[in-house]
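Dear colleague,

Please find the structure below, followed by an account of what was found in it.

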Amino acid sequence: MDYKAMYQQWLDNPYFDEETKAELKAIEGNEKEIEDRFYMDLEFGTAGLRGVIGAGTNRMNVYTVRKATQGLANYILSVKGEAKGVAIAYDSRRMSPEFADEAALCLAANGIKAYVFESLRPTPELSYAVRKLGCIAGINITASHNPPDYNGYKVYWEDGAQITPPHDSGIMDEVKKVTDYASVKTMPLDEAKAAGLYQTIGADIDDPYIEELKGLVLHKDSIDAVKDRLTIVYSPLHGTGNIPVRRVLKELGFQNVHVVPEQELPDGNFPTVSYPNPEAAEAFELGLALAKKVNADLVLATDPDADRLGVYVKDSKTGEYHTLTGNMSGCLIGDYVIGQRKAIHGSLPEDGAFIRSIVSTNMADAIAKHYGIQLVEVLTGFKFIGQKMLEFETTGKGTYLFGMEESYGCLTGTYARDKDAVVASMALCEAAAYYMTKDMTLWDAMLEMYERYGYYKDHVESITLKGIEGLAKIQEIMNTLRVDAPKEIGGLKVLAARDYKEDKVQDFVTGETRPTGLPKSNVLYYELEDDAWVCVRPSGTEPKVKFYIGVKGTSMADADEKSASLGSQVLDMIQKMI
């Protein structure tokens, strides 16, 4: 059925409500808009759904949420997991509570119990809840740090991680089989509750979750020593982090935590930022203004679903606030957690592991080497770190010490299987307290790490290509690079090219070819001379192709210069393909 016929079906079918039809009638005659809304079903990928809120098959709405949930329910029934139930959480975005209930009632109509949080909660707490409740799966209604007009639907499996093989493809296949929206099951809320198929959860998960985090503290003595001197500014960016971050810091004793008032309360319109992303400088404008007023030592911001943490730290010598990238904060936390664990216990597990995504900094490798532990690379997406944690548990080989990815996410414990900005906030504040007792700031600690491990500089460039044409252009870029791998990038020789889709590594020095050793993914990675690298991958959540760039310099200035030059030349190379 073409998009015009599908558009007309939504207008004519009594299954769709009048509000939906009114929205569709308002775009009558706008062929481009109708095509964009109906030329395809909103794709249920390995991370679930994510898209613009609105009416249509290619939009996030109650009908696409029900359809996805029916597919999930069918899969759960096929593996006989219905008795375990499904945990459901949601964030502060528009329609998040409604989508959560639609998912719960579809599950209930299929005889699968839903455990639904009473109000918005962070993504990592959903991961924890799945494990705590012994659920077969979890659903999180969130679009993370996307713009306000987006929402999403993430699916987790019983280990607490987002779905990975074979469950991801199994669920996707079941979702594709649901072609008739009107065939999707649902039931009234009161009937679901009466049947024991809809249960509200809250403090029964919150309290043990917070206790798990507090149990990871290594130096409570340092917190006690400086709790009235260390000054922290925090912003939840209108999202889910406000209550849990403030709670854990308060219960640990931190006395000077200042929350950015304009960004404190949940608001799916994100009125103070155009893009609620802690990677963006604009997200910190209000926080930095407050930091200067209260003379803060560090400034924290969590994204709307509180799985990513952005950070600024004060240089006490200049008074300047320096931003920490996800690679920098991840390594700072990882080095502190692993180093202090070794200092306290005298040693680390022989099979201890630092896990990072393939697009994260090579400084992680240097840290792992310094502490004599293994460095494990996984594909982009924290679910692959979670998958490796599950492998460690099931095989008894490997001890998880820390995991991170460059996109501002890390996890210090094993209570969850997703990145956690709540625990990252706690760990960074603890590290700040520890270093303060040594007359050091977090910035001093970062500089000391550069001196110890090398001046690694990593950043991301991207090109946005929207719509049908953009999608085709992104594929064309990937195909061109795949068919004719460059032998030089930015004046640096390519030593090896990894093609994760083809599971192939071409070593241009030896001429050898070997497998990547990782699952297939549409990612290209180029190892360059001088410890530099470039990785290319289409975004899984936005209409972008991303270019991850890493260099190693002899100083901070040298690393900055090399990074800027390589980034510019990569974009020039790609622009010639468009």
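In this predicted model, Arg37 forms a salt bridge with Glu23, and their closest N and O atoms are 2.8 Å apart. A salt bridge is counted here when a side-chain nitrogen of Lys or Arg lies within 4 Å of a carboxyl oxygen of Asp or Glu. Arg37 belongs to helix 3 (residues 31-38) and Glu23 to helix 2 (residues 18-25), so the pair ties together parts that are 14 residues apart in sequence. Helices (H or I, at least four residues) and strands (E, at least two) are DSSP runs, numbered from the N terminus.

A word on the basis of these values is in order. The model is predicted, so local features need pLDDT of at least 70 and side-chain atom pairs count only at pLDDT 80 or more, while totals for chains, interfaces and linings use all residues. Residues are numbered from 1 along each chain as its sequence is written, and side-chain values use heavy atoms, with hydrogens and water left out.

Salt bridges

Arg37 is buried, with a relative accessible area of 9%, whereas Glu23 is partly exposed at 31% relative accessibility. Here buried means under 20% relative accessible area, exposed means over 50%, and partly exposed lies in between (1.4 Å probe, protein chains only). Both residues also belong to a network of salt bridges that links Glu23, Glu33, Asp36, Arg37 and Arg59. The count for the structure comes to 38 salt bridges.

Another salt bridge is formed by the side chains of Asp305 and Lys154 (3.7 Å, N to O). This pair links distant parts of the chain, 151 residues apart: Asp305 is in the loop between strand 9 (298-302) and strand 10 (309-314), and Lys154 is in strand 5. Asp305 and Lys154 are both buried.

Lys562 and Asp558 also meet through their side chains in a salt bridge (3.3 Å, N to O). They are four residues apart in helix 19 (residues 556-575), and are therefore separated by about one helical turn. Lys562 is partly exposed, at 32% relative accessibility, and Asp558 is buried, at 19%.

Helix 19 has 20 residues and reaches 29 Å from its first C-alpha to its last, close to the 28 Å expected at 1.5 Å a residue. The expected span is 1.5 Å times one less than the number of residues. Its buried residues are Asp558, Ala559, Ser563, Leu566, Gly567, Val570 and Ile574. Seen down the axis of helix 19, these residues fall within an arc of 155°, so they line one face of the helix; the arc is that of the directions from the helix axis to the C-beta atoms. On the other side of helix 19, Ala557 and Glu561 are exposed. The elements that cover the buried residues of helix 19 include helix 18 (467-483), strand 16 (455-464) and strand 23 (544-553).

In helix 1 (residues 3-12), the buried residues are Tyr3, Met6, Tyr7, Trp10 and Leu11. They cover an arc of only 145° around the axis, which puts them on the same side of helix 1. These buried residues pack against helix 2, helix 3 and helix 4, where contact means heavy atoms within 4.5 Å.

Six strands form an open sheet of mixed pairing, in the order 1-5-4-2-3-6. Its edge strands, each pairing on one side only, are strand 1 (49-52) and strand 6 (198-201). Two strands pair if DSSP finds at least two bridges between them. Strand 4 (residues 137-141) and strand 5 (residues 150-157) run antiparallel and are joined by four bridges. Within this pair, Ile139 stands opposite Val155 in strand 5.

Helix 4 (residues 62-78) packs on the sheet, touching strand 1, strand 2 (86-90), strand 4 and strand 5, and its direction makes about 5° with that of strand 5. Such angles run from 0 to 180 degrees between N-to-C directions, the axes being lines fitted to C-alpha atoms, for helices over the stretch in contact. Helix 5 (residues 96-109) lies across strand 2, strand 3 (114-117), strand 4, strand 5 and strand 6, running at about 165° to strand 2. Ten of the 14 residues of helix 5 are buried, so this helix is largely enclosed by the rest of the structure. Helix 5 is followed by Gly111, whose phi is positive, near 80°.

Yours sincerely
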